[in-house]
Amino acid sequence: MNQDDPTDAQLSIGAFSRRSRLSPKALRLYDERGVLAPADVDPYNGYRRYRESQLKTARLIAMLRRLEMPLSLVVRVVNAPDPEAAEILASFWATVERRVAGQRQLVEHLRNGMLSEKEIFTMYTIEEREVPEQLVLVEQRHVLAADLPQFIADAMSRLIGAAAEVGGQQGPAFVVYHGEVNEDSDGPVEVCIPIDAQRGAGATATKRVEPVHRESFTRITKAQVEFPQILSAYDAVMQWLEAANTPITGAPREIYFVDFSEAAATDEVCDIAFPIS
């Protein structure tokens with residue numbers, strides 16, 4: 001903006017407000033927050049004047065705020081070159097879409113919980129099986145729901161690397177939830193990679209024996225693994241067990257039998273299982 005440009009007319013705050021579709025109150029706030037400063041402020045009465053060339057920025061701010069973009073991000077977009085600003089906007093909107101998708105799934109989960117138990121059961125096939133004793137490499141941590149996917153991915157990568165030193169992974173990876181994991185509760189969560197019982201003695205990572213047990217489970221797709229939609233599968237298995245009067249004898253777990261990163265949304269990737277007597 002060239003303040004000496006005679007074609008770049010000065011506008012009163014009222015005129016600028018009407019043409020930018022930003023209220024005078026909003027303009028004062030954006031000045032205070034460093035988003036959009038007036039071109040001139042009278043030192044005696046504080047009267048603000050803006051340049052016509054600032055209308056483009058003001059209208060951009062108005063549209064960004066309609067997207068409910070925080071002012072801290074609006075400042076970054078306004079001050080960044082166009083390609084960088086476009087990337088900031090894309091990243092922000094991807095975050096919004098993930099949040100809305102999570103909220104949509106939460107609504108579906110709550111809706112399912114409002115249906116009868118019989119209707120919930122029809123959404124899932126519940127089965128039982130025997131699980132042999134396994135030696136597993138483990139990594140355990142307290143983690144909230146928002147950080148859970150990254151922790152699982154990182155822990156699995158580390159443990160698979162450790163398993164390679166003693167013959168490699170010998171069965172599906174699984175994640176044991178020793179406590180509730182949500183926005184307020186942090187588990188703990190234990191990631192487990194089965195290894196060869198004979199060669200496993202030389203493993204440097206923490207290990208333990210997963211005892212032989214029987215379990216009830218249901219199989220879900222990659223799309224259904226997303227939190228909180230996955231909770232519907234847990235509820236279905238638990239309600240099925242309650243209806244069958246079958247005691248749960250251990251912590252619930254997710255058993256991943258395919259490469260999650262390469263699976264399509266509709267691919268079956270995971271079993272939700274509860275050890276039972």
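Residues are numbered from 1 along each chain as its sequence is written, and side-chain values use heavy atoms, with hydrogens and water left out. Because the model is predicted, local features need pLDDT of at least 70 and side-chain atom pairs count only at pLDDT 80 or more, whereas totals for chains, interfaces and linings use all residues.

Helices (H or I, at least four residues) and strands (E, at least two) are DSSP runs, numbered from the N terminus. A residue is called buried under 20% relative accessible area, exposed over 50% and partly exposed in between (1.4 Å probe, protein chains only). Strand 11 covers residues 268-276, and eight of its nine residues are buried, so the strand is largely enclosed by the rest of the structure. Two strands are taken to pair if DSSP finds at least two bridges between them. Strand 9 (residues 213-221) is joined to strand 11 by eight bridges in an antiparallel arrangement, with E215 standing opposite P275. Strand 10 also runs antiparallel to strand 11, through four bridges, and here I255 has D271 as its bridge partner.

With a salt bridge defined as a side-chain nitrogen of Lys or Arg within 4 Å of a carboxyl oxygen of Asp or Glu, the count comes to twelve. One of them joins E215 and R129, at 2.9 Å from N to O. This pair links distant parts of the chain, with E215 in strand 9 and R129 in strand 4 (residues 126-131), 86 residues apart. E215 is buried, at a relative accessible area of 2%, while R129 is partly exposed at 21%. R129 also forms a salt bridge with D271, the closest N and O atoms being 2.9 Å apart. Since D271 lies in strand 11 and R129 in strand 4, this pair ties together parts that are 142 residues apart in sequence. D271 is itself buried, at 1% relative accessibility. A further salt bridge connects D271 with R219, whose closest N and O atoms are 2.7 Å apart. Here too the link is between distant parts of the chain, D271 in strand 11 and R219 in strand 9, 52 residues apart. R219 is partly exposed, with a relative accessible area of 36%. Through shared partners, salt bridges join R129, E215, R219 and D271 into one network.

Elsewhere, three strands form an open antiparallel sheet in the order 1-3-2. Strand 1 (10-12) and strand 2 (40-41) stand at the edges with a single partner strand each, so one side of each is left without a neighbour in the sheet. Strand 1 pairs with strand 3 (residues 48-51) in the antiparallel sense over three bridges, and Q10 stands opposite R51.

Attention now turns to helix 3 and what follows it. Helix 3 has twelve residues and reaches 17 Å from its first C-alpha to its last, close to the 16 Å expected at 1.5 Å a residue; the expected span is 1.5 Å times one less than the number of residues. L55, A58, I61, A62 and L64 are buried in this helix. Just after helix 3, E68 takes a positive phi of about 60 degrees, although E68 is not a glycine. E68 lies in the loop between helix 3 (55-66) and helix 4 (71-79) and is exposed, at 64% relative accessible area.

Other loops hold backbone features of interest. Most residues other than glycine have a negative phi, and most peptide bonds are trans. N245, which is not a glycine, has a positive phi of about 55 degrees; N245 is found in the loop between helix 9 (230-243) and strand 10 (253-256) and is exposed at 68%. A cis peptide bond, with omega about 15 degrees, joins G187 and P188. P188 sits in the loop between strand 6 (173-177) and strand 7 (189-195).

Finally, the cysteines. A disulfide requires a pair of cysteine sulfur atoms within 2.5 Å, and a search of the whole structure finds zero. The sulfur of C192 is 13 Å from its closest cysteine sulfur, in C270, which is too far for a bond. Both cysteines are buried, C192 with a relative accessible area of 0% and C270 at 0% relative accessibility.
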